[in-house]
Amino acid sequence: MSDHNTSPSNPTITDPYQHLQIIPNPDGTITRDPNRFPNSSPSPDPRHPTPVLSKDMIISRSKKTWVRIFLPRQTIVDSSSTNKLPLMVYFHGGGFINCSASSTVFHDFCSNMVLDLHVVIVSVDYRLAPEHRLPAAYDDAMEVLRWIKTTQEDWLRGYVDYTRCFIMGSSAGANTAYHAGLCASQEADNLVPLKIKGLILHHPFIGGVQRTGSEVKLVNEPHLPLCVSDLMWSLALPLGVDRDHEYCNPMVGGGSKLWKNVGLLGWKVMVTGCDGDPMIDRQMEFVDMLVTKDVKVVSHFSTGGYHVVELKEPSKAKALHALLKDFMFDAPAA
């Protein structure tokens with residue numbers, strides 16, 4: 001495993017608020033640095049030369065939730081094509097407290113997946129903590145799945161194969177993806193024509209009270225120091241609970257009984273990570289637990305790197321895309 005222990009070039013993080021560039025407010029909210037995560041605007045006009053089109057659609061005005069839809073431009077330009085594309089419902093990361101579907105890092109990540117995988121992506125902008133603690137993000141996720149089922153939005157109705165849907169997320173988004181998947185497994189029949197084929201958990205953000213070996217070893221890993229993930233959990237979890245709550249620790253109590261539904265439905269689950277991520281021991285334990293639940297699980301843990309390295313390094317993203325192609329296009333037909 002990569003050695004990321006404390007060194008002069010890798011100092012101990014003592015103020016997680018400063019690291020996250022957030023300020024706690026007396027009313028329990030936080031003030032975020034508006035310049036920390038740049039945003040990208042959508043590009044909905046097919047006359048624009050961009051290879052990937054995107055547009056925003058409101059889900060709930062009262063909750064201020066929305067989605068950004070990504071579509072290969074060639075799909076619209078080539079009107080002779082009748083082949084419909086798989087759908088990926090994607091949840092961004094940010095520790096449940098930062099970022100949005102318009103954050104440039106996630107906008108670009110989705111755009112590149114659309115190009116390489118030739119899919120349509122619905123990227124979800126869910127409510128953030130601590131203003132909206134969990135399970136708000138999970139509730140928003142399910143609202144989007146139900147919206148996809150009923151919407152007459154032309155890009156989705158015109159270009160999506162509803163029988164090939166995958167739910168994916170990065171970091172906290174992967175946590176949201178698996179909780180949304182568990183919820184969706186209870187109402188799979190009610191989501192028709194939407195048919196979920198699998199869950200893709202990209203470096204899932206999970207935790208627990210008892211420290212793992214990788215957390216101790218990588219306590220001061222500069223991309224995600226342990227005190228920072230602890231703070232994000234304290235801001236995201238319901239008040240009065242600890243990190244052994246099921247929202248944080250998927251292994252608590254032997255794991256959710258709803259995984260049985262996932263196995264019976266034949267959904268596949270992919271879990272990716274790397275040994276430079278403090279959470280790798282938990283992620284590997286999570287995979288082992290899924291095996292005991294008779295879930296079809298595929299795992300890929302790489303050497304080196306850091307938490308969600310694929311968001312920042314194009315070569316790593318390309319390698320991930322190759323794994324996703326094998327996973328998605330090997331899924332059983334409807």
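M168 lies in strand β7 (residues 160–170); helices (H or I, at least four residues) and strands (E, at least two) are DSSP runs numbered from the N terminus. This is a predicted model, in which local features need pLDDT of at least 70, side-chain atom pairs count only at pLDDT 80 or more, and totals for chains, interfaces and linings use all residues. Residues are numbered from 1 along each chain as its sequence is written, and side-chain values use heavy atoms, with hydrogens and water left out.

The relative accessible area of M168 is 0%, so the residue is buried. Buried stands for under 20% relative accessible area, exposed for over 50%, and partly exposed for the range in between, with a 1.4 Å probe and protein chains only. Apart from neighbours within four places in sequence, M168 is in contact with M88, V89, Y90, F91, F109, M113, A177, I200, H202 and L324, where contact means heavy atoms within 4.5 Å. One of these partners, M113, is 55 residues away from M168 in sequence, and their C-alpha atoms are 11 Å apart.

For the chain as a whole, the mean pLDDT is 94, and 95% of the residues reach 70 or more; pLDDT is the predictor's confidence in each residue, from 0 to 100. Residues 1–9 have pLDDT below 50, and this stretch has 21 contacts in the model beyond near neighbours in sequence. Where pLDDT is low, the predicted coordinates should not be read in detail.

The chain contains 11 helices and 10 strands. The C-alpha trace spans about 60 × 45 × 40 Å along its principal axes. Of the 334 residues, 54% count as buried. Among contacts between residues at least 6 apart in sequence, 78% join residues at least 24 apart. The chain exposes about 14,200 Å², with carbon and sulfur atoms supplying 52% of this area; accessible areas come from the Shrake-Rupley method with a 1.4 Å probe, and for residues only the protein chains shown count as cover.

UniProt lists residues 88–309 as "domain: Alpha/beta hydrolase fold-3", in an unreviewed entry. UniProt positions are in the numbering used here, feature names are shortened, and annotations may be inferred rather than shown by experiment. Over residues 88–309 the chain is 39% helix and 19% strand, and the end C-alpha atoms are 20 Å apart.

Strand β4 (residues 65–72) has eight of its eight residues buried, so the strand is largely enclosed by the rest of the structure. T65, V67, I69 and L71 point one way from β4, while W66, R68, F70 and P72 point the other way. Strands count as paired if DSSP finds at least two bridges between them. Strand β3 (residues 52–60) runs antiparallel to β4 and is joined to it by eight bridges, with L53 having L71 as its bridge partner. The hairpin of β3 and β4 has four residues between the strands, and K64 takes a positive phi near 60 degrees there. β4 also pairs with strand β6 (residues 120–125) in the antiparallel sense, over five bridges; here F70 stands opposite I121.

H107 links this region to a helix. H107 is in helix α3 (residues 104–117) and is buried, at a relative accessible area of 9%. Residues up to four places away in sequence aside, H107 touches S40, S41, S54, R68, F70, A101 and S102.

The loop between β6 and α4 (136–150) holds P130 and also P135. The peptide bond from A129 to P130 is cis, with omega near 0 degrees, and the bond from L134 to P135 is cis, with omega near 15 degrees.

Further along, the loop between α10 (280–292) and β10 contains D294. D294 has a positive phi of about 65 degrees although it is not a glycine, and is exposed, with a relative accessible area of 63%. V297, in strand β10 (residues 296–302), is partly exposed at 21%. Beyond four places in sequence, V297 is in contact with V269, V271, V287, L290 and V291. V271 is 26 residues from V297 along the chain, and their C-alpha atoms are separated by 7.6 Å. In the loop between β10 and α11 (314–328) lies V308, which has a positive phi of about 45 degrees although it is not a glycine. V308 counts as buried, at 13% relative accessibility.
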